[in-house]
Amino acid sequence: MQTALLGLALGVIACNGPSANGVVVGVAPSPDTFPPVSAVLEAHCGTLDCHGAAARNLRVYGIDGLRWDKAGTTGDQSTTMEEIQATYESVVSIQPEVLARITEEGGKRPERWIVLLKGRETEEHKGGRRLVAGDDADRCLTSWLAGAVEQTRCDAAALVGPPGGETF
Amino acid sequence: LKSRYVLALSLVCVAGCADPVRSDGIDALGDERPGVPEGPLHRPGEPCVLCHGGSGPGDPEFAFAGTVYQVASSTVPLANAIVRLVDSRGVKFETGTNCVGNFYVRADDYRPVFPVWTKVVFGEAGGVPVEQIMGSPIYRERSCAKCHGDPVGPESAGHVYFAPDGVPFPSDGCPQ
């Protein structure tokens with residue numbers, strides 16, 4: 001009997017999520033600082049075969065993947081500001097409570113956030129390891145979380161090319 | 001009794017563990033085109049690795065496969081083009097397109113570590129081979145048609161083509 005009551009209590013606690021109509025208002029880094037981060041996400045995560053697709057929870061919009069404009073086409077015309085905004089909204093909607101905590105703590109322990117857990121493949125990720133802790137792409141993202149985007153790291157990470165250049 | 005139980009459990013798992021998304025995708029492709037037997041010339045423009053992904057029904061398994069067309073506005077195949085690939089380690093592979101534009105890379109021949117970059121090479125201009133490099137790398141998809149399906153749109157780059165409309169190509173149809 002005691003076990004059953006304890007189980008019921010735990011169940012109530014564990015299943016007590018937001019209400020059906022509830023809205024979680026989180027704290028996230030500013031969208032104004034997001035464009036260089038968006039470019040990195042596009043290059044590393046945003047192709048059609050990965051997160052540049054409507055089927056993903058984390059959607060990355062841009063030239064090489066999903067287009068925001070329904071009349072748009074993949075591979076044609078540069079990424080628009082609307083697409084950067086849409087990617088921002090998608091990104092900050094992923095585990096917003098964790099993102100809020102990291103943001104409020106000045107970007108400390110960013111590896112708590114699932115975007116980094118998956119990107120670094122600390123947690124199972126079908127797309128494999130797309131970020132290595134401390135590399136340019138990773139630093140771009142974590143510096144954004146810390147509120148001080150490292151532009152040079154982002155610029156470097158936004159360029160993804162074959163080893164040895166295009167002469168293969 | 002125990003072995004029967006294990007056998008029954010295994011059968012349930014085999015029956016129930018198939019990937020329904022993949023099965024639905026294969027069913028949606030429909031039947032073979034009349035007069036075209038299974039083989040290198042069949043099903044151009046379709047997502048090859050759906051069947052040739054290692055879990056059947058297609059055999060052999062492909063590391064990559066797809067179809068290359070001449071131009072964006074039509075589905076005239078580009079035969080005798082070279083498709084080159086390089087993976088994140090710098091390991092390269094190349095193959096050619098056949099008379100329907102199909103190419104394939106057997107998984108036994110190439111086990112790339114993603115991302116992979118690719119280009120199509122065809123003909124020459126001023127003694128230099130003409131090539132078209134794909135703008136973004138491939139991160140996981142092994143069927144070109146999965147991302148390059150028609151029609152072109154907000155979630156598809158359209159079929160793989162080599163040149164702008166109006167560029168003349170030699171006629172290289174399949175032998176009748």
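1. Conventions. The model is predicted: local features need pLDDT of at least 70, side-chain atom pairs count only at pLDDT 80 or more, and totals for chains, interfaces and linings use all residues. Residues are numbered from 1 along each chain as its sequence is written, chains are lettered from A and ligands numbered from 1 in the order in which they are written, and side-chain values use heavy atoms, with hydrogens and water left out.

2. Chain A. Seven helices and zero strands make up its secondary structure. Helices are DSSP runs of H or I with at least four residues, strands are runs of E with at least two, and both are numbered from the N terminus. The order along the sequence is α-α-α-α-α-α-α. Chain A has 168 residues, and 40% of them count as buried. Buried means under 20% relative accessible area, exposed over 50%, partly exposed in between (1.4 Å probe, protein chains only). Among contacts in chain A with a separation of 6 or more, 42% join residues 24 or more positions apart. A contact here is heavy atoms within 4.5 Å.

3. Chain B. This chain has three helices and eight strands. From the N terminus they run α-α-β-β-β-β-β-β-β-α-β. Of its 176 residues, 36% are buried. Residues 24 or more positions apart give 56% of the chain B contacts with a separation of 6 or more. The C-alpha trace spans about 75 × 40 × 35 Å along its principal axes.

4. The interface. Contacts join 28 residues of chain B to 30 residues of chain A. About 2200 Å² is buried between the chains, and carbon and sulfur atoms give 62% of that area. Buried area is the accessible area (1.4 Å probe) that two parts lose on being put together, summed over both. Tyr139(B), Arg140(B) and Pro154(B) supply 36% of the area that chain B buries against chain A, more than any other three residues.

5. The rule finds zero salt bridges between chain B and chain A. A salt bridge needs a side-chain nitrogen of Lys or Arg within 4 Å of a carboxyl oxygen of Asp or Glu. On the chain B side, β3 (82-87), β6 (116-125) and β7 (128-133) each give two or more residues. The largest share, four residues, comes from β3(B).

6. A charge over a ring. The charged end of Lys119(B) sits over the ring of Phe168(A), 4.4 Å from its centre. The test is NZ of Lys or CZ of Arg within 6 Å of the ring centre and within 35 degrees of the ring normal.

7. Aromatic pairs. In Tyr61(A) and Trp68(A), the centres are 5.5 Å apart and the planes at 75 degrees, an edge-to-face pair. Rings of Phe, Tyr and Trp (its six-membered ring) pair if their centres lie within 6.5 Å; planes under 30 degrees apart count as stacked, over 60 as edge-to-face and the rest as tilted. Tyr61(A) is buried at 8% relative accessibility, whereas Trp68(A) is partly exposed at 45%.

8. A link between helices. Tyr88(A) and Trp144(A) have ring centres 6.2 Å apart and planes at 80 degrees, so this pair is edge-to-face. Tyr88(A) lies in α3 (residues 81-92) and Trp144(A) in α6 (residues 136-145), 56 residues apart. Both are buried. Ring pairs join Phe34(A), Tyr88(A) and Trp144(A) into a cluster.
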